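Please open the model in your viewer and keep the selection tool at hand. The stops below say what to select next and what is found there.

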Amino acid sequence: MKIINITILYLLIFLLVNINSRLDCKSIAEKEEHYTFEGKSGQQILHENFNTELLREQQEESIRLSREVILEFKDVSPYYSRMYENLKLLENSQSASSNSVDSNTTTTTTSTNSTTTTTSGTSTTGGNSTTTSSGASTTSTTGNSTTTSSGTSTTGGNSTTGSSGTSTTGDSSTTSGNTTSSSSGGSSSEVPIESSDGSRAVSWYGEACEDTTFGFLNETGPCGVANCYEEWGQGFCNTTTGECKCTYFFTGSDCSIDIDPDHQWDAINCHGSRSCPPVYNNPLPHQCICKPGWSGVECSVCNANPVCNSIATNSSQEDYLNICDTTAYLYKSKQYSCVITGQQVISSMNSVGGVALECDFPDADYVSGLYSTCSMNLYYHTTGPPLYFNCSFDGCVRNILPGQSQEIICQNSACSCTTFCSGILNSIISQVNGTANFTCDSNLNCQFSQEVIAAMYPTIPMSCVAGECTLQPPPILPVPVQNVDRILVYISTGVSTIVIAMITGLVFFVSEKQEQRKHIPPPNHVPCDLRFSDISCTVQEKWSFNKTKPKQILDNVHGICQSGHLTALMGLSGSGKTSLLDILSGRKNVGDISGNILINGLPVPENFKRISGYVTQEDIMIGTLTCREHLMYAAMLKLPESIPMHEKERRVDDALRALNISKIANSRIGTAEKRGISGGEKKRLAIAAELIIDPSILFLDEPTSGLDSHSAYDLIKLLKKIAVDGDRTIILSIHQPSAEIFEKLDNLVLLHQGQLHYSGKAQQSIEYFDQKLRTNFPNQRELSRENHRNPADFIISVISNDQFKLPIFESQHQIQYSYQKEVQVIDVDIDENRNIPSSSIHLRQQQNNIYLHKVDEYATSFWTQFMVVGRRSMLNYLRNPFLLRTTYFVHILVGFILGWLFWKLPANLEPGCQNRFGSMFFIIALLSFGSITSLDLFYHDRIIFIRERSNGYYRTSSYFLSKAITDILPMRVLPPLLLGGICYYMIGFRPGFLHFLYFLISLVLTSTTAATMCMAISTISPTFGTANMISILLLFVFLLFDGFLLARQSIPIYLKWLVMLSFMSYGLEIPVVNEFNGLWVFYNPPNTRGTYADGLEFLQSIGADPNRLFIDMYVLVGMIIGYLLLAYVFLRFLVKEYR
């Protein structure tokens, strides 16, 4: 029982000392509350994460030593004299408590003005507690109170121990401005010290640290400055000898050095400023209270010139130091005080730490590193201790980098841990060696790294203040020249100059060409006569698995197509009409073709498409456009840039009126889902689109197909008018026209099974076949002319009857031609009203020769074609918004769903890491499979592209680039940005703008790569189903080898190439590395103590390379360019209309 009572006594002594210490440093505790981390105050973090085992050992040791220390120094030190008073009070209280078990207790408590009387017990008001002996009275209130007692009086949180009649009221005030302490063992009087705010404050233990002034530190007593730090209980002064007698755990001539091994972590050098609370017997970590003019965690950073002047005054050199340089740049000896801002370091420490760093370059030799050293202390709090570890560095050099950043590199490092370090941290820190790097920009945003510590903290970002007492004026910084070989500088400068010159020249060249195009006069309409002879065509027909046989499509066909005339190529299906029309127009690209075609007696020029138009049988147009818009885009692409816009608009209006479709000018053409204009109106619109360029020759492939007889007649009548009024050569193919339509035809080329049966005047063909029939079959009445009201029916029935074979059309209509001679027609009765003199024909040949060889192949430049096609594609997107709206809706919805499902993921191994990795995998997979919608970009518009390219609307390159960009920007860039912007912070990915930016870049690159791959597949696939199947198959293969479903380490070596081909592996590795590289993950396995693991370990476990963040980006950009080039090559050379 006695042992228990003694133990309780020592414990009460210890608690009393610490309670007073905590009351003394109340302002520090309040200040500590302002430092928060993850919603916890600094005090909470301290009590939750402090090394509790260490504190328990310290407390036990302090209890053991307290009594003997107090008894030894009670007669020579006021500090320990007061401790002895408290010890006696506790002993008396313990003795009185054992003899007063049955005492009566009366307690009265008030919240404002209160008086409390306690007999042999404890009185507590307003949250403060005081233990008193019998006869002692304590009054404590939250407001104002007045107490008179024979013991202790405490008001407003301040404690005073006095004799009978002493009272303390109000906040931080004393009666008559003086406070007296006395005890039966002796008396000691403290000299009041003037505080910084002018109030009187005592300096002994129990005073708030911020209220302490530093006057006594500058007063020289019997034992020198600070008088052995007697006020802090570190020693006492022997006035006889003038020497200091130090208490336990303190040493030095002035008792300023703490040698307590268990308090090593709590040590801090305040560089002449005060450390509060005292180290000895205090479980709370303390901090430095800086003198005026000094700042920083160790009060080592000057912030005002006068403190440097004082140093200069005390120095033997009068002009040595006289200003305080607070810039980031080191001159000779610079002190830095920093607050750690890196989230991974803060997460690991569970606190916002502080760093004190000092670099000394005594000779200002920044290059060699001789005698240049640095030192660093890393603290648990921004205010100081506990001290984690300290390091020293030598062989340091300094560089000024471009951008005026300072870099200090030290070749040798040595670090040591305090007792606050854990075993793992201690093993790492003790092995520190090698290079250290400290970099600061002009705004003192700094970074520290060390090659061994990098295993735990890759870099330590910090926000710092700096100070150095230096000469006047401040030192001049060296010129920031990058430390590279001069030859590399010369080469890079030369290459950059050449590239800039080439780009400038290219821009100038394009601008000049554009300007020249605007001044080229538009070509005048030139009538053209087209003559062809000996046209033959043979194709290879496949009749077995690997064998082909030749098939004759055309055999020695010839004819004349004059300007101002309507020429028809007539025959049954399969007779070769369309093949002949394609050969004459220059669009036939299948088979062996031979023969001669002349335009006004000259060979067909390369720019023949500029003076001719071609209307296909299928009226394929962009259904979301109106008729006027369709014609305007055709005008902007086919008319020269020298023609002003108002002139192009006039031509569009003229074409609408000429084709009698002005009333539907603002009506949409229509799609398969939404009907628009009629078939006849579409045919007229197609013709109007070709008439805008005022062509000399117009080809039409079966224009009456699909029209009723009345519409067909109106169309042919209109074509006849266009031919006559515009002096144009119009050539059309037709099956079996009605009698009314046949009367409108001027020339007729009759084909049957590839053989020419007639070529000449259409009206003379009736007499020709009637005469042939009468001559060869005089008794045949069934096929006679009288039995057919329609001349076309009569002619077709004659040539298609297998029982009566007429001789093949002979040479009386063959054409003799020569490049040097005038064109003459033998035995062909050309319209007498249109006979052309030879001199006029020769002049036309000369004019046309000059014209046809000066006009470019395309009417507009690449840039104009790119802009017009891009504008048209974007308008088509907006007019057909279902896909666009669905895409945006899905990405926004999925973003919110992911943010809700993975809301604020914790930074732990399970489920934090797993869910982070899983959410990234889902996003990458969603964007990849969602890009299948780009399959129809070139596939469904393929026929339109083929027709317009064949008609000379644009180049393949301008069309491809404009279509690709108008798909990538609205469909592959904006939706991923919306998705990532919504879910990133909801999921709780790493904060920081760069991390957020890299995450978005990975999504955009992945989506774009998948889309370009699908583009390349769609351009080469024969059907949409084939393209869809190939795309899905490749996406599933790439998904399997992206590193999530199948660990990269388990992939066989002979399949590693699939990982390299999988764009998803690169797209997934970017956000994973961005998230986990530098992230500290809490790992708490069952039945073990939790610890923090570096995210690099997780990256290693999944086979991700933390150094490939930017490499993966470059690879994806290369893949995008490669897929685009493949798609262009396929579109340019493989996508053709085989006619």
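Begin by selecting Asp 654 and Arg 657, whose side chains meet in a salt bridge at 2.3 Å, N to O, a salt bridge being a side-chain nitrogen of Lys or Arg within 4 Å of a carboxyl oxygen of Asp or Glu. Before going further, note that this is a predicted model, in which local features need pLDDT of at least 70 and side-chain atom pairs count only at pLDDT 80 or more, while totals for chains, interfaces and linings use all residues. Residues are numbered from 1 along each chain as its sequence is written, and side-chain values use heavy atoms, with hydrogens and water left out.

Asp 654 and Arg 657 both lie in helix H12, 3 residues apart, which is about one turn of the helix; helices (H or I, at least four residues) and strands (E, at least two) are DSSP runs, numbered from the N terminus. Asp 654 counts as partly exposed at 28% relative accessibility, where buried means under 20% relative accessible area, exposed means over 50%, and partly exposed lies in between (1.4 Å probe, protein chains only). Now extend the selection to Glu 647, Arg 650 and Arg 651, which are linked with Asp 654 and Arg 657 in a network of salt bridges.

Next, select Arg 628 and Asp 653, whose side chains meet in a salt bridge at 2.6 Å, N to O. This pair links distant parts of the chain, with Arg 628 in helix H11 (residues 627-638) and Asp 653 in helix H12 (residues 645-658), 25 residues apart. Arg 628 is partly exposed at 30% relative accessibility, and Asp 653 is partly exposed with a relative accessible area of 25%.

For a stop among strands, select E38 (residues 747-752) and E39, which run antiparallel and are joined by 6 bridges; two strands pair if DSSP finds at least two bridges between them. His 752 stands opposite Gln 755 in E39, and in the hairpin, which has 2 residues between the strands, Gln 753 takes a positive phi near 55 degrees. Of the 7 residues of strand E39 (residues 755-761), 6 are buried, so this strand is largely enclosed by the rest of the structure.

Ile 965, in helix H24, is partly exposed, with a relative accessible area of 33%.

Then pick Val 890 in helix H20 (residues 882-901), which is partly exposed with a relative accessible area of 35%. The C-alpha atoms of Val 890 and Leu 979 are separated by 9.0 Å, although the two residues are 89 residues apart along the chain.

Finish with spans taken from a record: an unreviewed UniProt entry places the feature "transmembrane region" at several spans, including residues 996-1020 and 1113-1135. Residues 996-1020 are 100% helix and 0% strand, with end C-alpha atoms 37 Å apart, whereas residues 1113-1135 are 96% helix and 0% strand, with end C-alpha atoms 31 Å apart.

Conventions
UniProt positions are given in the numbering used here, feature names are shortened, and annotations may be inferred rather than shown by experiment.
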